[in-house]
Amino acid sequence: MNRRKGDLPAKTCPVCGRPFRWRRRWRNDWPAVRYCSERCRRGRGHANRLLAAFFVACCWSWAPSAAAQPVVETGAYLGRWFELARTPNDFQDNRPRHVGRVFSVCTGSTAHYARESADSIRIVNRCERIAGDGTRWRDEARGYALVEPGTDGAVLRIAFGPWWARWLQRAVSLGGFEYRIFALGPKNGRGEYSWSVVGNAGRGFLFLLARSPEVDEATWQAILQAARDAGLPVSRLVRRPKQ
């Protein structure tokens, strides 16, 4: 006998927060079902990893900064960035399990920034992970950044994941995860900053970014020196392998 939809068992998806009901394809493993869709199942790790890393970073972000702060033109900072090097962190250097496989740490990381409103920026971070059998997975995290007033555009407050995760991050950290631009390269022919040194006030992490996956040696040394001048942990950097 067919049951009415309202009589079917229901659960709440922990990723999107929406209720969902029993479906025929889940009839053999309904007790183990946690997510309403494949999209939410894939997204569960991103939000959890980024939220955990966010709380760690918050603990580092209260130290005072002595470095001079650049004046950042937000429009010239938008677009795609390639990660040249990073200090190890929990959300890129973990080995997540996905579709029954254990995947590698992030490689080939990129970040794309697009203007959402006058003071809001949409963020899409991507990287590639590889399983032991050669399966490739493009991992992705999405979030939003708010330009912190009074910082000349050099400090963004970022939150990742679904709306409830972003709300929680901003609520407990007075605005979100700190993204501080310490130094910038000259503008390229498109009017974009050519490279960027990013960290936080506590110097707990460091990212070196550029508009292309590789830079020449003179540019690389200039970026490193800018990071040293800002007191950032250059000795802990792991450089992106050359293609």
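I began with the contacts: among those between residues at least 6 apart in sequence, 53% join residues at least 24 apart. The model I am reading is predicted.

Next I looked up the overall make-up. I find 4 helices and 13 strands in the protein. Of its 243 residues, 48% are buried. The exposed surface comes to about 13,200 Å², and carbon and sulfur atoms supply 53% of that.

Then I turned to the nonpolar cores. The largest one has 24 residues, and those with the most contacts inside it are Val-72, Tyr-77, Tyr-113, Ile-158, Tyr-179, Tyr-193 and Leu-209. Helix 2 (74-77) gives two or more residues to this core, as do strand 6, strand 7 (120-130), strand 8 (136-147), strand 9 (155-160), strand 10 (177-184) and strand 12 (206-210). Strand 10 gives the most, with 4 residues. Another core lies apart from this one; it has 18 residues, including Ala-183 and Leu-237.

I checked the neighbours of Ile-158. Leaving out residues up to four places away in sequence, Ile-158 touches Ile-123, Tyr-144, Ala-145, Gln-169, Arg-170, Gly-176, Phe-177 and Tyr-179.

Last, the second largest pocket. I note a volume of about 170 Å³ for it. It is lined by 16 residues, of which Glu-83, Arg-86, Cys-106, Val-238 and Arg-239 are the closest to its centre. Strand 3 (79-86), strand 6 (107-117) and strand 13 (238-239) each give two or more residues to the lining. Strand 3 gives the most, with 4 residues. By type, I have the lining down as 7 nonpolar, 4 polar and 5 charged residues.

How values were computed:
Residues are numbered from 1 along each chain as its sequence is written. This is a predicted model: local features need pLDDT of at least 70, side-chain atom pairs count only at pLDDT 80 or more; totals for chains, interfaces and linings use all residues. Side-chain values use heavy atoms; hydrogens and water are left out. On a 1 Å grid over the protein atoms alone, a cavity is a set of points where a 1.4 Å probe fits but cannot get out, and a pocket is an open set with protein on both sides within 12 Å along at least five of seven lines; lining residues have an atom within 4 Å of a point. Grid points are joined across faces, edges and corners, and a volume is the space filled by probe spheres set on the points. Ala, Val, Leu, Ile, Met, Phe, Trp, Tyr, Cys and Pro count as nonpolar, Asp, Glu, Lys and Arg as charged, and the others, Gly among them, as polar. Buried means under 20% relative accessible area, exposed over 50%, partly exposed in between (1.4 Å probe, protein chains only). Contact means heavy atoms within 4.5 Å. Accessible areas come from the Shrake-Rupley method with a 1.4 Å probe; for residues, only the protein chains shown count as cover. A nonpolar core is a set of buried Ala, Val, Leu, Ile, Met, Phe, Trp, Tyr and Cys residues joined through side-chain atoms within 4.5 Å.
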